[in-house]
Amino acid sequence: MATRLALSSAKKELLGPVKGVFTRWRKTGTSASSSVSVPANQGKFRTEEDLPCIGSLQLLYRVVFQGYLKRMHELQVYEKQLYGSIYKVSAGGFHSIAMNSVELMEELLRKDEKFPCRGDMTIWTEYRDLKGIGYGPFTEEGERWYQLRAILNKRMLHPKDSVQYGDVINEVVTDFVKRIYHLRQTSPSGDLVTNLSNELYRFALEGISTILFETRIGCLENEIPAETQDFIDSIGRMFSYSMLVVLLPKWTRNLLPFWRQYISGWDGIFGFARKLIDSKMEAIRHRVDLGQEVEGEYLTYLLSNKKLTNKDVYGSIAELLLAGVDTTSNTMLWALYELSRAPEVQDRLYKEVSSCVSADRIPTAQDFAQMPYLKAVIKETLRQYPVVPVNARLMVEHDVSVGGYFFPKKTPFTLCHYAMSQDEKIFPEPWKFKPERWLRDGRERPHPFGSIPFGFGVRGCVGRRIAELEMYLALSRIIRLFEIRPDPSVGEVKALNRTVLVADRQVNLHFLERDGFSAR
Ligand code: HEM
């Protein structure tokens with residue numbers, strides 16, 4: 001399913017991180033111009049002219065002939081070997097300064113602006129402008145973005161806020177476990193779950209929808225309801241036509257079907273979200289009319305916030321939903337895959353979980369304070385497979401100096417997270433899945449900027465705590481019930497970069513029921 005959400009050209013992956021894929025980067029004024037305020041002491045800095053530069057032909061060669069098209073994350077590692085920790089990519093309309101060392105990353109991100117920016121999001125904002133829908137956390141910028149995040153962060157970003165979603169997430173986990181039992185039983189060996197990416201996508205979509213809409217949408221039922229399926233297809237359509245829409249000139253929009261398909265994808269996404277939001281709105285109004293107290297979770301909180309119009313709520317909910325599915329589902333996939341290949345790690349995790357939670361009890365958010373190894377497993381998964389392998393920053397207001405180089409404002413930066421997470425100096429034996437490296441047991445811990453899978457600072461991931469809680473609740477329950485083993489017919493799974501890191505093939509895993517369990 002994640003594959004459906006992917007775009008399939010080199011440009012998208014070059015264009016940046018979470019958002020860059022859908023972005024038409026404009027060549028911004030990177031040489032000193034009259035609008036640039038050059039510090040008095042600029043003379044002591046080098047400029048981007050001094051940096052090694054990757055041009056269009058080199059890039060084309062690597063992407064097409066060296067086969068990096070779907071492995072742009074690995075290209076980060078290769079280019080680091082060739083050019084070092086900072087270099088420039090200037091190809092076609094794309095221009096950016098790439099960085100891949102913890103020192104540079106830390107220096108840049110610590111200079112992040114009050115309203116950090118990842119870059120141009122025109123391709124998403126166009127639809128919203130066309131239909132008069134408000135912007136969400138991805139698309140909003142500046143002061144308005146700041147105000148929006150102040151509202152969205154509440155009830156979501158702090159661990160104590162996310163804890164309140166424990167029960168609803170656990171209901172979804174229970175249904176996911178039931179689905180695993182069902183799938184195993186229908187498999188020839190009686191314990192195999194095939195196409196796990198698809199199953200985890202359904203789990204993650206159900207999870208985030210339940211949190212956001214306070215309504216179950218049926219992704220874990222054997223027959224997905226038609227409206228939900230239409231919504232899933234709309235997400236796929238929107239993502240798969242994004243790139244064509246970015247690449248093709250605007251005058252083709254009325255001639256070719258792509259723009260219409262792209263718009264119909266968004267229509268489906270917002271139509272579904274709008275219906276659920278409106279019916280929640282109606283229920284709230286009804287309660288208010290009856291003089292009853294209005295209580296509820298995230299959507300009720302947003303709808304009863306006087307600073308947000310309904311249009312704003314549509315915009316934000318849709319973006320939260322889009323950001324919260326492939327990220328969590330693919331991280332879960334990589335975690336289960338790595339655990340299946342490392343029995344000793346899995347065993348240690350099982351021992352930790354079973355010593356904290358008795359067989360007849362479902363883990364709760366509070367239990368995870370006693371499960372450092374579970375947290376380390378997720379951290380290590382995100383280190384080895386940073387599901388968002390590249391991020392970006394655009395300093396909008398100020399010139400900036402990094403690593404002794406001067407960059408005028410509006411210089412786009414590419415943050416090569418994948419290359420950093422493979423750096424042997426920070427992570428000895430980076431190819432090994434070693435959750436221990438994250439334990440606070442007296443050993444030296446990795447540099448804090450070595451792995452920042454949720455981004456950094458005030459623009460960092462708003463769903464981080466929700467995602468972590470979802471993954472802890474699901475993984476602890478699965479490991480308590482099953483021993484996970486690889487399906488030898490699958491072979492070694494590699495990551496492809498399709499906006500997020502996805503598996504290069506269908507992943508199947510054996511779920512062997514542990515002794516004494518029957519939790520159906
Ligand atoms: C494993 C799970 C996830 C990972 C690794 C992840 C990673 C990221 C990263 C790297 C960013 C960019 C941050 C930056 O620029 O500094 C981001 C932004 C964002 N994420 Fe997540 N994410 C995950 C799950 C979620 C979930 C579950 C939600 C929704 C509840 C979500 C909503 C968002 C939103 C709305 C933004 C944009 C924030 C802004 O621009 O203000 N993410 N995420």
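These questions and answers concern a predicted model, its ligand shell and a sheet.

Visitor: How do the residues that surround the ligand divide into nonpolar, polar and charged?
Guide: The ligand is surrounded by 28 residues, and the closest include Gly 324 and Cys 461. Of the residues in this shell, 8 are polar and 4 are charged. The nonpolar ones number 16.

Visitor: Which helices each supply at least two residues of the shell around the ligand?
Guide: Ala 323 is one of the closest residues to the ligand, and α13 spans 310-323. At least two shell residues come from each of three helices: α13, α14 (326-341) and α18 (464-481).

Visitor: Why does Cys 461 count as buried?
Guide: Cys 461 sits in the loop between α17 (417-421) and α18. A residue is buried if 20 or more other C-beta atoms lie within 10 Å of its own. Cys 461 counts as buried because its C-beta neighbours inside 10 Å number 20.

Visitor: Which residue does UniProt list for "binding site"?
Guide: The UniProt entry is unreviewed. The residue listed there touches Phe 454 and Gly 455, leaving aside residues up to four places away in sequence. For "binding site", the entry gives Cys 461.

Visitor: Which are the edge strands of the open sheet?
Guide: The sheet has 3 strands in the order β1-β8-β7, with mixed pairing. An edge strand here pairs on one side only. The edge strands are β1 (46-47) and β7 (400-402).

How values were computed. Residues numbered from 1 in each chain as written. Predicted model: local features only at pLDDT ≥ 70, side-chain atom pairs only at ≥ 80, totals over all residues. Near = placed C-beta within 6 Å. Helix = DSSP H or I, 4+ residues; strand = E, 2+ residues; numbered from the N terminus. Nonpolar A, V, L, I, M, F, W, Y, C, P; charged D, E, K, R; others polar. Pairing = 2+ DSSP bridges. UniProt positions renumbered as here; feature names shortened; annotations may be inferred. Buried ≥ 20, exposed ≤ 12 C-beta atoms within 10 Å, placed from the backbone. Contact = placed C-beta atoms within 7 Å.
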